[in-house]
Amino acid sequence: MKAVVVKDGVYWVGAVDWAVRDFHGYETPRGTSYNNYLVLDDEPTLIDAVNYEFADATIRNIKGIIDPSRIRHFVVNHIENDHASAAEKIHGIMPDATVYMTERAKKGLERFFDLSTWHIRVVKTGDTVAIGKRHLLFLETPMLHWPDSMVTYIPEDRLLVSQDAFGQHIASSARFDDEFIECYSQAELDDAVVDYYANILMPFGQLIKAKIAEIQRLNLDIQIIAPDHGVIWRANPGKILQMYMDMAEGKAEERVCIIYDTMWHGTELMAQPIAEGVRDEGVECRVIKLRATPQSVAIKEFWKARGTLLGSPTLNNILFPSVAQFLTHIRGLRPKNRILGAFGCFGWGGGAVKEAYEEFKRLGLETYEPGLQVLYRPSREDEGKCYDFGREFAKKMREYHASF
Ligand code: FEO
């Protein structure tokens with residue numbers, strides 16, 4: 001995709017990855033984009049690189065605008081491979097540029113490239129550099145979401161280049177929020193934001209709150225937020241900031257998600273009357289079979305719902321592997337303010353439901369107990385118990401939701 005004007009003198013020069021479906025294990029059904037930005041001023045500046053596979057695409061875009069040897073400044077906001085793996089190749093077209101990054105970025109990047117010939121200036125929060133009519137202001141954002149991370153603000157353009165923050169894994173020809181909403185919908189865009197937050201940023205809610213508060217304290221006037229993935233926020237940057245504040249607070253919808261897997265359909269047969277019980281309590285319920293659903297989608301739906309019921313058959317006295325894998329993933333994401341319960345079928349000794357609650361305790365989340373176990377497959381009587389279990393869980397979830 002050709003370069004796109006973000007505003008006078010500022011260009012998106014990145015690449016759209018229409019095909020990626022496995023982003024380091026995170027399933028990306030919408031693809032993604034790797035965004036970087038060229039700023040034309042007395043001293044032209046490139047902010048960020050792209051994934052290595054797309055180095056030629058961004059170099060072509062840059063060359064379509066300027067002779068790259070004229071670029072005087074190169075900012076590396078974040079060194080994860082999807083952005084920085086092409087940094088060496090891109091640096092090769094502007095070897096005399098000064099390169100800006102945090103101390104931790106330098107330590108990390110030198111594990112990948114020989115930086116001995118690079119003119120590196122290590123920066124920290126508050127450092128600025130004049131590039132002509134404009135200035136670059138750097139703000140470190142450690143652990144948002146890597147230790148090296150920072151963002152770059154251009155006050156004269158009221159533009160924040162926010163690297164991963166506020167991004168979405170979306171491949172589209174729409175480069176801006178308003179364009180995307182016109183072609184698709186606000187709901188599709190919101191869903192992509194939540195998907196990205198849940199899968200990447202969920203563990204960092206407290207840091208996100210603190211960083212947004214710091215930006216507010218600094219009184220930065222932000223008109224455009226330009227992330228390194230997905231669409232650029234120009235129509236309504238306030239909306240994405242508010243969404244992040246809400247998600248960082250752990251806000252959830254008053255709904256239930258049933259996430260399960262099954263061996264011979266017994267646990268699946270439990271999930272149906274449980275869902276009916278939830279719905280008859282007047283609560284929206286989504287049902288997800290793990291082996292039929294990308295894990296990233298299950299994580300997103302878990303995050304959106306205040307309450308989740310986890311269904312697992314017992315295999316060899318413990319959790320079914322796909323359910324255990326899901327819980328391991330969730331443990332790393334450190335969710336807050338959610339309530340959980342568990343159910344499942346067993347053949348002889350049982351164990352999955354018990355182990356699920358042990359995992360819930362490790363997560364430190366609210367639980368609804370006891371769970372529900374059924375021998376082999378639910379009888380008519382068991383189906384009634386499942387229905388009641390769903391209704392009672394929905395009531396408990398609603399009470400818990402009201403406490404926020
Ligand atoms: Fe998009 Fe943390 O890289």
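Helices (H or I, at least four residues) and strands (E, at least two) are DSSP runs, numbered from the N terminus, and two strands pair if DSSP finds at least two bridges between them. Keep in mind that this is a predicted model: local features need pLDDT of at least 70, side-chain atom pairs count only at pLDDT 80 or more, and totals for chains, interfaces and linings use all residues. Residues are numbered from 1 along each chain as its sequence is written, and side-chain values use heavy atoms, with hydrogens and water left out.

- β15 (residues 159-163) pairs with β16 in the parallel sense, over 4 bridges.
- Leucine 159 has isoleucine 224 in β16 as its bridge partner.

**The helix pair**

- The axes of α9 (residues 266-280) and α13 (residues 380-402) come within 7 Å and cross at roughly 40 degrees; axes are lines fitted to C-alpha atoms, for helices over the stretch in contact, and angles run from 0 to 180 degrees between N-to-C directions.
- That makes α9 and α13 oblique to each other (under 35 degrees is roughly parallel, over 145 roughly antiparallel, 65 to 115 roughly perpendicular, and the rest oblique).
- Contact means heavy atoms within 4.5 Å; among the residues meeting here are Met270, Pro273 and Ile274 in α9, and Cys386, Tyr387 and Phe389 in α13.
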